[in-house]
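Visitor: I am new to reading structures. Could you take me through one, feature by feature?

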Amino acid sequence: MQMLLFENLPVPLEWILAFISLLGGWLIVKWYARHHQIPHENNEVVMNSLFIWGIVWKFSIILFNPSMVKAEILSIIYFSGGEKGFFLGALISIGFLVWKAKKGHIWCSLSEAIIVFGTASYGIFLVLTSFVQREGIVTIFSLAATSVFLIMWLWEVEAKSPLPQKAGIIFIVFGLLFHMLNEAPLIEIWITVMFPLLSILFYKIPLKGEKI
């Protein structure tokens, strides 16, 4: 993992790319919400769930590797809970999303925010990662063009394709074509699977009285 130094503090380059991608996704979904009458609350719910995910993943090293923390307390800064911590954070984050959707009756609108945010953030991350890894210009352009096309497709709310169908196509493009066939790490596959499937699930189980 490539590291960058900030005031003698090593920071994984992948974390920086992820942060830029999440910020870009947040800006896009905020812009989207402004033009599609999506409540601002949905953006906050999505971002809070990601914050919870990151915190749990980071500090789960205390749970999964207590001996390292006991030997060197600063390991909390430099390391995380690994794959176990990642999936624990994901489950807790999903639980938070379900709780907020049920509490606020925002299943459908939240499903829309999830698929837009996930598509935008992951598309940006793929482009940045390909650029850092010095992939060919054709690969970088293809990833960028595909991401832009998918976001534009999601933007057209009057299109004939319902949200679950769009989410399914995005899952096939990002999950099957870009990663699963290339033996991507389990964490990356999980991310590509999670946001479109969550979007479909939240769309399909709205509480009684909520309009789709």
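Guide: Start with H105. H105 is partly exposed, because its relative accessible area is 48%. The cut-offs are these: buried means under 20% relative accessible area, exposed over 50%, and partly exposed in between, with a 1.4 Å probe and protein chains only.

Visitor: Where is H105 found?

Guide: H105 sits in the loop between α6 and α7. Helices (H or I, at least four residues) and strands (E, at least two) are DSSP runs, numbered from the N terminus.

Visitor: What is the background to this model and its numbering?

Guide: The model is predicted: local features need pLDDT of at least 70, side-chain atom pairs count only at pLDDT 80 or more, and totals for chains, interfaces and linings use all residues. Residues are numbered from 1 along each chain as its sequence is written, and side-chain values use heavy atoms, with hydrogens and water left out.

Visitor: How do I read confidence?

Guide: pLDDT is the predictor's confidence in each residue, from 0 to 100. Where pLDDT is low, the predicted coordinates should not be read in detail. Here the protein chain has a mean pLDDT of 81, and 82% of its residues reach 70 or more.

Visitor: How do I read a phi value?

Guide: Most residues other than glycine have a negative phi, and most peptide bonds are trans. Now look at H105 again. Its phi is near 55 degrees, a positive value in a residue other than glycine. R134 also has a positive phi, near 60 degrees. R134 is in the loop between α7 and α8.

Visitor: Is R134 buried or exposed?

Guide: Exposed, because its relative accessible area is 77%.

Visitor: What share of the protein chain is buried?

Guide: Buried residues make up 41% of its 212 residues. Take S147 in helix α8. S147 counts as buried because its relative accessible area is 6%. It touches G123 and F174, leaving aside residues up to four places away in sequence. Contact means heavy atoms within 4.5 Å.

Visitor: How do I read a nonpolar core?

Guide: A nonpolar core is a set of buried Ala, Val, Leu, Ile, Met, Phe, Trp, Tyr and Cys residues joined through side-chain atoms within 4.5 Å. The largest one here has 40 residues, and L110, I114, I115, F174 and F202 touch the most other members. At least two residues of this core come from each of α1 (13–36), α2 (40–59), α6 (82–104), α7 (107–132), α8 (137–155), α9 (163–177) and α10 (186–204). The largest share is from α7, with ten residues.

Visitor: How do I read a pair of aromatic rings?

Guide: A pair of aromatic rings is described by the distance of the centres and the angle of the planes. Rings of Phe, Tyr and Trp (its six-membered ring) pair if their centres lie within 6.5 Å; planes under 30 degrees apart count as stacked, over 60 as edge-to-face and the rest as tilted. This structure holds nine aromatic pairs. In one of them, the ring centres of W57 and F86 are 4.9 Å apart and the planes are at 80 degrees, so the pair is edge-to-face. W57 is in helix α2 and F86 in helix α6, so the pair ties together parts 29 residues apart in sequence.

Visitor: Which of the two is buried?

Guide: F86 is buried, at 2% relative accessibility. W57 is partly exposed, at 28%. Ring pairs also link W53, W57, F86 and F87 into a cluster.

Visitor: How do I read the packing of two helices?

Guide: Axes are lines fitted to C-alpha atoms, for helices over the stretch in contact, and angles run from 0 to 180 degrees between N-to-C directions. α6 and α10 pack at about 10 degrees, with axes 12 Å apart. That makes α6 roughly parallel to α10, because angles under 35 degrees count as roughly parallel, over 145 as roughly antiparallel, 65 to 115 as roughly perpendicular and the rest as oblique. Residues that meet include F86, F87 and A90 in α6, and W190, I191 and F202 in α10.
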